[in-house]
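This briefing is for a reader who is new to the structure shown below. Please look over the sequence and the model before reading on.

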Amino acid sequence: MTTEVHLVGTLAVCLVVARPLAAARWVWRSPLTGILLWQMLALTVVLCLGGLAFLVSPWLGSALPTVLLAALAYRWLATLRARRRHRQVLSLVARSDAAVPGVLVLDHPLTVAYCVPGLRPHVVLSSGALATLRGDEVAAVLAHEQTHARERHDLVLLPFLVVAPLCRFAADAVALLVEMRADQSAAPRSLATALHRFTAVTPPGALGMADAAVVARLQRLHQDPLPTALCWLAVLVGLTLVSTPLSFLVW
């Protein structure tokens with residue numbers, strides 16, 4: 001009975017803090033810390049649910065991770081198919097430009113930029129973006145999109161997109177933090193002026209420049225970073241939360 005009580009209690013804590021965490025603005029000052037907290041919160045929920053299911057029935061406990069992995073695989077395969085189709089389109093209509101080496105340029109009047117992530121990621125800019133943005137703004141946009149590709153933010157978002165129908169606020173919160181994390185790689189002033197010019201048009205499976213709340217991202221640019229000590233404290237709290245169901249399930 002002690003194990004069940006602790007698992008239920010830990011699960012309740014996770015459910016109670018999820019909404020405040022989604023609304024919290026202090027995580028904007030350290031997007032990476034916020035992302036880690038959401039990942040640890042989600043892992044704790046899965047461990048608690050899996051542990052409770054196993055205590056009810058070992059078969060049910062085994063079925064839960066199987067269902068979760070199947071949902072992740074289904075979403076991932078669908079995303080890969082969408083990216084493959086889009087890469088085929090890009091191979092036909094996109095071009096290179098000496099002004100932005102290594103970037104694919106689409107001839108389109110709208111100001112659009114996005115990253116098609118993967119093992120061979122592509123950063124895509126519209127001709128409208130090249131015509132509209134100054135050189136420093138283009139550099140800020142490229143830094144943002146290259147961070148998406150380098151840190152594989154598509155994989156960070158994947159599990160939250162799977163549960164989005166049940167927990168949309170969590171998926172939206174993580175998506176915003178991912179954009180803020182990519183924003184940290186760009187020059188703040190150049191990024192701020194560039195964001196005002198973008199259109200929120202992004203193909204399926206891609207990560208766009210103006211996908212998440214632009215107003216919130218502009219506000220973050222004027223905030224001081226979260227002190228390192230507070231970042232580590234937040235991570236320690238998250239690790240403690242994860243260790244709670246693990247300790248009871250192991251023993």
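The model is predicted: local features need pLDDT of at least 70, side-chain atom pairs count only at pLDDT 80 or more, and totals for chains, interfaces and linings use all residues. Residues are numbered from 1 along each chain as its sequence is written, and side-chain values use heavy atoms, with hydrogens and water left out.

**Overall layout**

- The chain has 10 helices and four strands; helices (H or I, at least four residues) and strands (E, at least two) are DSSP runs, numbered from the N terminus.
- Starting at the N terminus, the order of elements is α-α-α-β-β-β-α-α-α-α-α-β-α-α.
- Along the principal axes, the C-alpha atoms of the chain fill a box of roughly 65 × 40 × 25 Å.
- The chain has 251 residues, and 43% of them count as buried. Buried means under 20% relative accessible area, exposed means over 50%, and partly exposed is in between (1.4 Å probe, protein chains only).
- Among contacts (heavy atoms within 4.5 Å) between residues at least 6 apart in sequence, 68% join residues at least 24 apart.

**Nonpolar cores**

- A nonpolar core is a set of buried Ala, Val, Leu, Ile, Met, Phe, Trp, Tyr and Cys residues joined through side-chain atoms within 4.5 Å.
- The largest nonpolar core has 29 residues, and those that touch the most other members are Leu 21, Trp 28, Trp 38, Leu 41, Val 174, Leu 177 and Val 178.
- Two or more residues of this core come from each of helix H1 (2-23), helix H2 (31-56), helix H6 (153-162), helix H7 (168-183) and helix H10 (228-250). The most come from H7, which gives eight residues.
- Another core, of 13 residues, lies apart from this one and has Ala 113, Val 123, Leu 125 and Leu 142 among its members.
- Which residues is Val 178 in contact with, leaving aside its neighbours within four places in sequence? They are Ile 35, His 148, His 153, Val 156 and Leu 157.

**Salt bridges**

- Side chains of opposite charge can pair when their charged atoms come close.
- A salt bridge is a side-chain nitrogen of Lys or Arg within 4 Å of a carboxyl oxygen of Asp or Glu. The whole structure holds 11 salt bridges.
- Asp 97 and Arg 95 form a salt bridge whose closest N and O atoms are 3.2 Å apart. Asp 97 is partly exposed at 22% relative accessible area, and Arg 95 is partly exposed at 32%.
- Asp 136 pairs with Arg 134 in a salt bridge, with the closest N and O atoms 3.1 Å apart. Asp 136 has 34% relative accessibility and is partly exposed; Arg 134, at 42%, is partly exposed.
- A network of salt bridges links Arg 134, Asp 136, Glu 137 and Arg 197.
- Asp 172 and Arg 168 are joined by a salt bridge, the closest N and O atoms being 3.6 Å apart. Both residues lie in helix H7, four residues apart, which is about one turn of the helix. Asp 172 is partly exposed at 40%, and Arg 168 is partly exposed at 48%.

- Glu 145 lies in helix H5 (residues 135-150).
- Glu 145 is buried and has no salt bridge; the nearest side chain of opposite charge is that of Arg 217, 6.7 Å away. For charge, Lys and Arg count as positive and Asp and Glu as negative, while His and the chain ends are not counted.
- The Glu 145 side chain reaches the backbone nitrogen of Cys 115 at 3.2 Å.

**Cysteines**

- The structure has zero disulfides; a disulfide is a pair of cysteine sulfur atoms within 2.5 Å.
- The closest cysteine sulfur to that of Cys 48 is in Cys 14, at 5.6 Å, too far for a bond. Cys 48 is buried, with a relative accessible area of 0%.
- Cys 167 is in no disulfide, and the nearest cysteine sulfur, that of Cys 14, is 11 Å away. Cys 167 is partly exposed at 23% relative accessible area.

**Around Ala 53**

- Ala 53 is in helix H2 and is buried at 12% relative accessibility.
- Not counting residues up to four places away in sequence, Ala 53 touches Leu 60 and Gly 61.
- Ala 53 and Leu 64 are 11 residues apart in sequence, and their C-alpha atoms are 7.6 Å apart in space.

Technical notes. A polar contact is a pair of N or O atoms within 3.5 Å; within protein, one must be able to donate a hydrogen and the other to accept it, and residues adjacent in sequence count only if both atoms are side-chain atoms.
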